[in-house]
Amino acid sequence: MVKSRLSILIITLGMALGAFAQRNYEPHFAIGAKGGVTFSNMAFTPGIEQTMLQGIELGVTARYIEENFFGIVAELNIEQRGWKETFDETDFRYQRGLPYLQLPVMTHIYFGSRTFKGFINLGPSVGYMIGDGISSNFDYTNPETVAGFPIANRHVNQMSMDIKNRFDYGICGGAGIEFIIKRKHSLILEGRYYYGLGNIFSAKKKDEFSASRGTSIQVSLGYMFHIK
């Protein structure tokens with residue numbers, strides 16, 4: 001399974017570098033910054049009852065594009081991810097925030113006019129968890145002792161388990177629009193989806209979870225300055 005995940009990552013990276021290598025026209029280079037919101041959860045197997053956790057994303061961007069509609073985009077972002085559990089119409093609350101330093105490198109496919117463009121980004125992303133914050137209104141380390149807690153047919157160990165793997169890798173893809181202002185400046189609106197391939201908890205046969213991968217939806221607004 002690990003080999004198949006690495007194969008997917010390598011193929012996606014090859015797509016990005018392959019498009020980048022096809023240069024027939026004068027290139028254009030731009031740098032910028034972005035900010036937005038994230039909606040994340042965890043792909044647990046076995047599953048747990050959860051909903052999307054809202055967070056923020058901040059980062060810097062470098063883009064190298066070609067006149068033949070292809071280029072490459074690299075970013076360095078701080079992204080808040082994690083999950084928020086649900087408790088069957090009770091007042092219990094639990095969420096676990098997992099901020100990451102994230103580095104996506106993506107193929108950039110664009111189309112449009114000199115003042116307005118649409119684009120698609122696709123490529124691999126690697127990240128490192130830089131924090132672990134839990135917010136709860138009950139004793140999540142001993143939920144079986146909490147009066148009224150809906151523990152029947154429910155996994156609870158993930159609430160207090162230590163993070164095993166802080167390094168993460170996955171695939172991200174998105175689409176957006178770009179408004180170009182006086183050729184040197186542009187505003188970018190993008191929606192993106194990230195699917196993690198790494199597990200945050202141990203996933204051996206004896207472990208409780210065979211999968212614990214992060215996923216997120218990101219909506220961001222960015223500014224780019226066109227250097228060349």
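Visitor: What should I know before I start?

Guide: This is a predicted model, where local features need pLDDT of at least 70, side-chain atom pairs count only at pLDDT 80 or more, and totals for chains, interfaces and linings use all residues. Residues are numbered from 1 along each chain as its sequence is written, and side-chain values use heavy atoms, leaving out hydrogens and water.

Visitor: How many helices and strands does the chain have?

Guide: Both are DSSP runs numbered from the N terminus: helices are H or I, at least four residues, and strands are E, at least two. Here the chain has 1 helix and 10 strands. Trp83 sits in strand β4, residues 70-85.

Visitor: Why does Trp83 count as buried?

Guide: Buried means under 20% relative accessible area, exposed over 50%, and partly exposed in between, with a 1.4 Å probe and protein chains only. Trp83 counts as buried because its relative accessibility is 0%. Of the chain's 228 residues, 43% are buried.

Visitor: Which residues have the most contacts inside the largest nonpolar core?

Guide: In soluble globular proteins, nonpolar side chains tend to be buried together. A nonpolar core is a set of buried Ala, Val, Leu, Ile, Met, Phe, Trp, Tyr and Cys residues joined through side-chain atoms within 4.5 Å. The largest one here has 19 residues, and Trp83, Phe138, Phe149 and Ile200 have the most contacts inside it. Strands β1 (28-45) and β5 (94-112) each supply at least two of its residues, with β5 giving the most, 3 residues. A second, separate core has 6 residues, among them Ala30 and Met224.
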